[in-house]
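Opening the notebook on a new structure today. I want to look up a few things and jot them down as I go.

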Amino acid sequence: MAGNESCSRPWWGGYSSPMKAAVHTSYGPPDVVRIAEVEKPTAKDNEVLVKVHATTVNRTDCGFRAGKPFFVRFLTGLIRPKVTVLGYELAGEVEAVGSGVTSFVVGDRVFGFTGSRFGAHAEYLAVPEDGLLATMPANLTYEQAAPSTEGSHYALSMIRAAKIGSGQAVLVNGATGAVGSAAVQLLKSLGAEVTAVCGTEHVELVRGLGADRVIDYTAEDFTKDEQTYDLVLDAVGKSSFGQCKRLLKPGGIYVSSDFGPLSQNPILALITPLFGGRKVLFPIPTDRSAREQEMVKYFKELIESGEFKPVIDRRYPLDEIVEAYRYVETGQKIGNVVISVEPSTS
Ligand SMILES: NC(=O)c1ccc[n+]([C@@H]2O[C@H](COP(=O)([O-])OP(=O)(O)OC[C@H]3O[C@@H](n4cnc5c(N)ncnc54)[C@H](OP(=O)(O)O)[C@@H]3O)[C@@H](O)[C@H]2O)c1
């Protein structure tokens, strides 16, 4: 993946074909990231080379950069990160295609996500033709398209695991985050009845996303709500199954974006289905299957039909990515934080 092989200037003084990327070689706070020159990738036979115009800093990037929770390091590198250029989402233009590529041509405007390969915090990225990439929705700019796939991917994985369909009642906690704001829109596109929980300032925003009812968490404790639901989807991981059980209809499902205060959610997801009543699901989204490829195309259709529009909070240039990380880690971003990448002409 682009730029992940090397991150410091080589001994001979430079790269024959350099590009700019946000690089981190140790786990830690946002300051571990710096802008550096790395080798520009080339497209292998089955790859497309994308000139990245926009990407995002999201919670997945933050988790991998910080190496938290600690056990993820067994996958990401125990002492130092195996992947040194993060960036999970991208929108850009196809600059070159490998000899075996048939689905994309030079000049295509594309968007998608890289999954655990990362690498989109860079000017260029090589992506397999059968990766999680599609031509961009006609009605979006690069900056609007880049944040279409991370939060929505998590949200759709949870919604599909719970098999939610038309007429079912769903409560979304944290409806203003990247996951929550996507969840509200995706659920409405499926015909679900959505109650959304957010802070006072964003009640109108969340209504605008299509929520049928909004609970302001500063005025009301949603866990004391009188209504019952087929699904409680906690998109900010601020609740527990114990608190939300009374909100669930018989056979209702609780799903959270986080492990839970005692990391209990994955364990509850193994135990609770055995009893046949209200249960916890903990779907782990993958990034390599045909299902995820289909998801990118599904998001494209929803964007083109006007049923889904990623919420954008702030934009930063690539050079200010450390500031973007700091902002995302306040836990108060609304929707997504976009990074504009200005590719060099060399
Ligand atoms: N570690 C990983 O790799 C990873 C990856 C993806 C997602 N996640 C998890 O997924 C969750 C969502 O991430 P995200 O990017 O969608 O959103 P986020 O940036 O974590 O969430 C920000 C939003 O949460 C709302 N919020 C804060 N406290 C709240 C509360 N007590 N109740 C309800 N809403 C509250 C804030 O809006 P208000 O101003 O309205 O409060 C803000 O809009 C996070 O918990 C994150 O840990 C983790």
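My entries follow, on a sheet, a ligand site and one glutamine.

**Entry 1: what I'm looking at.** This is a predicted model, so I'm keeping that in mind throughout.

Entry 2: I get six strands in an open sheet, running 10-9-8-11-12-13, with parallel pairing. Which strands sit at the edges? Strand 10 (213–216) and strand 13 (279–281) do, each pairing on one side only. I also looked up the twist, and from one strand to the next it averages 20°.

Then I picked one pair to check. Strand 8 (residues 169–173) and strand 9 (residues 193–198) run parallel and are joined by five bridges. For Asn173, I noted Val197 in strand 9 as the bridge partner.

**Entry 3: the ligand.** Next I asked how many residues surround the ligand. I get 23, and the closest are Arg59, Thr176, Tyr217, Asp258 and Lys333. Three helices turn up in the shell with at least two residues each: helix 1 (59–66), helix 4 (150–161) and helix 5 (178–189).

Tyr217 puts a polar side-chain atom 2.5 Å from one oxygen atom of the ligand. Asp258 also has a polar side-chain atom 2.5 Å from a ligand oxygen. With Val179 the backbone does the work: a polar backbone atom there is 2.7 Å from an oxygen atom of the ligand. I then looked up how much of the ligand gets covered. On its own the ligand exposes 920 Å², and the protein buries 86% of that.

**Entry 4: Gln243.** Last stop, a single residue. Gln243 sits in helix 7 (residues 241–244). Is Gln243 buried, exposed or partly exposed? I get a relative accessible area of 41% for Gln243. Buried would need under 20% and exposed over 50%, so Gln243 goes down as partly exposed.

What does Gln243 touch, leaving out residues up to four places away in sequence? I wrote down Thr223 and Lys238. The Gln243 side chain also reaches the backbone nitrogen of Ser240, at 2.9 Å. I checked Phe222 too: Gln243 and Phe222 are 21 residues apart in sequence, and their C-alpha atoms are 9.8 Å apart in space.

Definitions and conventions
Residues are numbered from 1 along each chain as its sequence is written. This is a predicted model: local features need pLDDT of at least 70, side-chain atom pairs count only at pLDDT 80 or more; totals for chains, interfaces and linings use all residues. Side-chain values use heavy atoms; hydrogens and water are left out. Helices (H or I, at least four residues) and strands (E, at least two) are DSSP runs, numbered from the N terminus. Buried means under 20% relative accessible area, exposed over 50%, partly exposed in between (1.4 Å probe, protein chains only). Contact means heavy atoms within 4.5 Å. A polar contact is a pair of N or O atoms within 3.5 Å; within protein, one must be able to donate a hydrogen and the other to accept it, and residues adjacent in sequence count only if both atoms are side-chain atoms. Two strands pair if DSSP finds at least two bridges between them. Axes are lines fitted to C-alpha atoms, for helices over the stretch in contact, and angles run from 0 to 180 degrees between N-to-C directions. A residue is near a molecule or strand if one of its heavy atoms lies within 4 Å of it. Accessible areas come from the Shrake-Rupley method with a 1.4 Å probe; for residues, only the protein chains shown count as cover.
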